[in-house]
Amino acid sequence: MEFAKGHGTGNDFVIVPDLEDALPLKDAQVALLCDRRFGIGGDGLLRVAPSDDPAAAWFMDYRNADGSIAEMCGNGVRVFARYLLEKGLAEGPEIRVATRAGIKTVTVADGGSGELRVDMGSAAFGPTSQASVEGFTWPGQAVSMGNPHLVCQLGDDAELEALELFHQPRYDAALFPDGVNVEFVVGTAPHVRMRVHERGVGETASCGTGACAVGAVALRHAGLETGTCKVDVPGGTLTITVTEDTLFMTGPAVIVAEGAFRL
Ligand SMILES: N[C@@H](CCC[C@H](N)C(=O)O)C(=O)O
């Protein structure tokens, strides 16, 4: 089976081209491919399949490392678009990608940085809630970016660094019946820093949709309806811009390897 490997700010993905839609992957197969000892290794898998939607040629079939399906992946959609560009499956500067959270338009950013900008659609704010790790509890803001997030503000860098994110933080399962990605943030807009525990994965070096949720919350905390917020993640920096109509995320996306896997 042909594969490629790519990442966006250290959030890494196994990419499986399935251009004839002939390779429906079972959960266990996805988990094996994403396993860092027994497989290729990745936080998730991006299957490149034809789209049913006439507005986009390709569908991003995103799966978490444990095989579970998620609605959206922000770093994944940039890596997916980079793969389409490198393989000649799409032409820039605008690439439309079908996802479970609707069509996302990815644009090659101006200025030769090589970064990609995605129109992610507006952040949808939910109720406030809370998350707990190792007996400590923080208030949090529920935000949907197509997939569920809980953004928790911490006091300072030392508190963020001391967090043990080996296990899923505790959360209100009635509010998040399908699980939730939990972001822990320090700082204020226009520049914040975060760590994340992803549903179906564990702690990752970055989460694009998480950074979008964090940027939107940081701007709102600063009393801003629109604006730009840089979000530092362990694997780099993402730039989040909120406009009256939508939210853009800009960041890197690179393909680092290609090969064949014996499935
Ligand atoms: N890493 C992703 C988010 C992937 C999905 C998430 N784990 C979920 O289950 O919702 C991103 O970059 O957005």
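Select Cys 73 to begin: you'll find it in the loop between strand 4 (58–64) and helix 2. Helices here are DSSP runs of H or I with at least four residues, strands are runs of E with at least two, and both are numbered from the N terminus. What you're viewing is a predicted model, where local features need pLDDT of at least 70 and side-chain atom pairs count only at pLDDT 80 or more, while totals for chains, interfaces and linings use all residues. Residue numbers start from 1 along each chain as its sequence is written.

Is Cys 73 buried or exposed? It counts as buried, because it has 31 C-beta neighbours inside 10 Å. (Buried means 20 or more other C-beta atoms within 10 Å of the residue's own, exposed means 12 or fewer, and partly exposed is in between; C-beta atoms are placed from the backbone.) Now show its contacts, leaving aside neighbours within four places in sequence: Gly 44, Tyr 62, Gly 208 and Thr 209. Two residues are in contact if their C-beta atoms, placed from the backbone, lie within 7 Å.

Setting aside neighbours within four places in sequence, Cys 207 is in contact with Asn 11, Asn 75, Asn 181, Val 196 and Glu 198.

UniProt positions follow the numbering used here, feature names are shortened, and annotations may be inferred rather than shown by experiment.

Now for the ligand. How many residues surround it? There are 17, and the closest are Ala 70, Asn 75, Asn 147, Gly 208 and Thr 209. (A residue is near a molecule if its C-beta atom, placed from the backbone, lies within 6 Å of it.) Colour helix 2 (74–86) and helix 4 (208–221), the elements that give two or more residues to this shell. Helix 2 gives the most, with 3 residues. By class, the shell has 4 nonpolar, 11 polar and 2 charged residues. Here Ala, Val, Leu, Ile, Met, Phe, Trp, Tyr, Cys and Pro count as nonpolar, Asp, Glu, Lys and Arg as charged, and the others, Gly among them, as polar.

The unreviewed UniProt entry also has a "binding site" annotation, whose residues include Gly 74 and Thr 209. Select Gly 74, in helix 2: it counts as buried, with 28 C-beta neighbours inside 10 Å. Then jump to Thr 209 in helix 4, which counts as buried with 30 C-beta neighbours inside 10 Å. Contacts of Thr 209, beyond four places in sequence, include Gly 74, Met 145 and Asn 147.

Finally, zoom out and colour by domain: domain 1 (2–119 + 251–260) and domain 2 (124–245), with bounds from an automatic or database domain assignment. Their C-alpha centres lie 23 Å apart, and 19 residues of domain 1 are in contact with 21 residues of domain 2. Where does the ligand lie? Both domains give residues to the shell around the ligand, so it lies between them.
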